[in-house]
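Before reading on, please take a moment to look over the sequence and the model. The paragraphs below go through the structure step by step.

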Amino acid sequence: PPEFLRSPDEVRHELAQFSVYLSERTRHHLGYPYNLKFDTAALAPFLQYSINNLGDPFVTSNYGVHSRKFELEVLNFFADLWRIPRDEYWGYTTTCGTEGNLLGVLYG
(Lines give C-alpha, C1' and ligand atoms only; values in the text may rest on other atoms or scores of the structure.)
Protein backbone atom coordinates (compact mmCIF):
# COMPACT_ATOMS: atom_id res chain seq x y z
CA PRO A 1 0.00 0.00 0.00
CA PRO A 2 1.09 3.62 -0.44
CA GLU A 3 3.32 4.95 2.32
CA PHE A 4 0.76 7.54 3.44
CA LEU A 5 -1.91 4.93 4.28
CA ARG A 6 -2.10 3.77 7.87
CA SER A 7 -3.62 0.62 9.32
CA PRO A 8 -6.57 0.97 11.72
CA ASP A 9 -4.24 0.09 14.60
CA GLU A 10 -1.77 2.79 13.56
CA VAL A 11 -4.59 5.34 13.34
CA ARG A 12 -5.89 4.39 16.81
CA HIS A 13 -2.37 4.66 18.22
CA GLU A 14 -1.81 8.06 16.60
CA LEU A 15 -5.15 9.36 17.93
CA ALA A 16 -4.36 8.05 21.42
CA GLN A 17 -1.00 9.85 21.32
CA PHE A 18 -2.73 13.01 20.13
CA SER A 19 -5.18 12.80 23.03
CA VAL A 20 -2.28 12.54 25.50
CA TYR A 21 -0.60 15.52 23.84
CA LEU A 22 -3.79 17.66 24.01
CA SER A 23 -4.38 16.71 27.63
CA GLU A 24 -0.85 17.67 28.59
CA ARG A 25 -0.89 20.96 26.67
CA THR A 26 -4.30 21.90 28.07
CA ARG A 27 -3.03 21.53 31.64
CA HIS A 28 -0.39 24.19 30.98
CA HIS A 29 -2.33 26.41 28.61
CA LEU A 30 -1.94 30.16 29.16
CA GLY A 31 -2.82 31.48 25.71
CA TYR A 32 -6.00 32.38 23.91
CA PRO A 33 -8.85 32.69 26.43
CA TYR A 34 -11.50 30.01 26.29
CA ASN A 35 -13.35 27.84 28.78
CA LEU A 36 -11.23 24.80 29.68
CA LYS A 37 -13.96 23.43 31.97
CA PHE A 38 -16.62 23.04 29.28
CA ASP A 39 -18.39 19.67 29.54
CA THR A 40 -18.98 18.43 26.00
CA ALA A 41 -20.56 15.10 26.99
CA ALA A 42 -24.09 16.28 26.13
CA LEU A 43 -22.93 17.22 22.61
CA ALA A 44 -21.06 13.99 21.88
CA PRO A 45 -24.06 12.15 20.34
CA PHE A 46 -24.34 14.85 17.65
CA LEU A 47 -20.79 14.28 16.35
CA GLN A 48 -22.06 11.33 14.31
CA TYR A 49 -24.07 13.64 12.04
CA SER A 50 -22.92 15.92 9.24
CA ILE A 51 -24.70 19.02 10.54
CA ASN A 52 -24.36 22.07 8.31
CA ASN A 53 -26.19 25.39 8.56
CA LEU A 54 -25.91 26.46 4.94
CA GLY A 55 -26.70 30.05 4.12
CA ASP A 56 -28.95 32.54 5.83
CA PRO A 57 -30.45 31.18 9.07
CA PHE A 58 -33.63 33.20 8.44
CA VAL A 59 -34.27 31.49 5.09
CA THR A 60 -35.42 27.87 4.93
CA SER A 61 -32.69 25.64 3.55
CA ASN A 62 -33.12 22.56 1.39
CA TYR A 63 -30.34 20.88 3.41
CA GLY A 64 -32.25 18.90 6.00
CA VAL A 65 -29.49 18.07 8.50
CA HIS A 66 -29.05 21.40 10.25
CA SER A 67 -29.22 23.08 13.65
CA ARG A 68 -30.66 26.40 12.51
CA LYS A 69 -33.13 26.36 15.43
CA PHE A 70 -30.20 26.76 17.84
CA GLU A 71 -28.44 29.30 15.66
CA LEU A 72 -31.58 31.45 15.70
CA GLU A 73 -31.82 31.08 19.48
CA VAL A 74 -28.26 32.45 19.82
CA LEU A 75 -29.14 35.40 17.58
CA ASN A 76 -32.37 36.04 19.50
CA PHE A 77 -30.45 35.94 22.80
CA PHE A 78 -28.12 38.73 21.69
CA ALA A 79 -30.91 40.73 20.08
CA ASP A 80 -32.82 40.58 23.36
CA LEU A 81 -29.68 41.44 25.33
CA TRP A 82 -29.19 44.57 23.23
CA ARG A 83 -32.94 45.29 23.06
CA ILE A 84 -33.12 45.00 19.27
CA PRO A 85 -36.64 44.26 18.02
CA ARG A 86 -36.92 40.86 16.29
CA ASP A 87 -37.74 42.38 12.90
CA GLU A 88 -34.77 44.80 12.99
CA TYR A 89 -31.74 42.53 13.03
CA TRP A 90 -30.00 39.94 10.94
CA GLY A 91 -26.97 37.79 11.55
CA TYR A 92 -25.54 34.33 11.76
CA THR A 93 -23.17 32.46 14.04
CA THR A 94 -19.63 32.10 12.74
CA THR A 95 -17.22 29.22 13.06
CA CYS A 96 -14.56 31.36 14.72
CA GLY A 97 -13.55 34.81 15.84
CA THR A 98 -11.61 35.46 12.64
CA GLU A 99 -14.68 34.90 10.48
CA GLY A 100 -16.69 37.19 12.76
CA ASN A 101 -14.03 39.90 12.53
CA LEU A 102 -13.88 39.63 8.74
CA LEU A 103 -17.66 39.93 8.50
CA GLY A 104 -17.55 42.98 10.79
CA VAL A 105 -14.93 44.63 8.56
CA LEU A 106 -16.98 43.82 5.46
CA TYR A 107 -20.16 45.35 6.88
CA GLY A 108 -18.42 48.13 8.82
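Predicted model: local features only at pLDDT ≥ 70, side-chain atom pairs only at ≥ 80, totals over all residues.

Asp80 forms a salt bridge with Arg86, and the closest N and O atoms of the two are 2.8 Å apart. Side chains of opposite charge can pair when their charged atoms come close.

The protein chain has three helices and zero strands, and, read from the N terminus on, its elements follow the order α-α-α. The radius of gyration of the protein chain is 19 Å, whereas the globule rule gives 13 Å for 108 residues; the value is well over that figure, so the chain is more spread out than a compact globule. Taken along the principal axes, the box filled by the C-alpha atoms of the protein chain comes to roughly 55 × 40 × 30 Å.

Other values for the whole chain can be set beside this picture. Of the 108 residues of the protein chain, 8% count as buried. Among the contacts in the protein chain with a separation of 6 or more, 12% are accounted for by residues 24 or more positions apart. The accessible surface of the protein chain is about 9800 Å², and 61% of that surface belongs to carbon and sulfur atoms. As for charge, the protein chain has 9 positive and 13 negative charges, whose mean positions lie 6 Å apart.

How many salt bridges does the count come to? The count comes to three, and the pair of Asp80 and Arg86 described above is a salt bridge. Another joins Arg12 to Asp9, with the closest N and O atoms 2.5 Å apart. Both of these residues lie in helix 1, which covers residues 8-27, and they are three residues apart, about one turn of the helix. Arg12 and Asp9 are both exposed. Glu24 and Arg27 also meet through their side chains in a salt bridge, at 3.2 Å from N to O, and they too lie in helix 1, three residues apart, or about one turn of the helix. Within this pair, Glu24 counts as partly exposed because its relative accessibility is 32%, while Arg27, at 58%, counts as exposed.

The loop between helix 2 and helix 3 holds two residues to look at in turn. Arg83 has its place in this loop, and its phi is near 55 degrees, a positive value in a residue other than glycine. Most residues other than glycine have a negative phi. Arg83 has a relative accessible area of 74%, so Arg83 is exposed.

Thr93 is also found in the loop between helix 2 (68-81) and helix 3 (97-107). At 32% relative accessibility, Thr93 counts as partly exposed. What does Thr93 touch, not counting residues up to four places away in sequence? Thr93 touches Glu71 and Val74. Ser7, by contrast, is 86 residues from Thr93 in sequence, and the two are 38 Å apart in space, C-alpha to C-alpha.

Conventions: Residues numbered from 1 in each chain as written. Heavy atoms only, no water. Helix = DSSP H or I, 4+ residues; strand = E, 2+ residues; numbered from the N terminus. Rg over C-alpha atoms; globule rule 2.2 N^0.38 Å. Buried < 20%, exposed > 50% of the residue type's maximum accessible area, 1.4 Å probe, protein only. Contact = heavy atoms within 4.5 Å. Areas by Shrake-Rupley, 256 points an atom, 1.4 Å probe, with all protein chains shown as cover. Lys, Arg positive; Asp, Glu negative; His and termini not counted. Charge placed at Lys NZ, Arg CZ, Asp CG, Glu CD. Salt bridge = Lys/Arg side-chain N within 4 Å of Asp/Glu carboxyl O.
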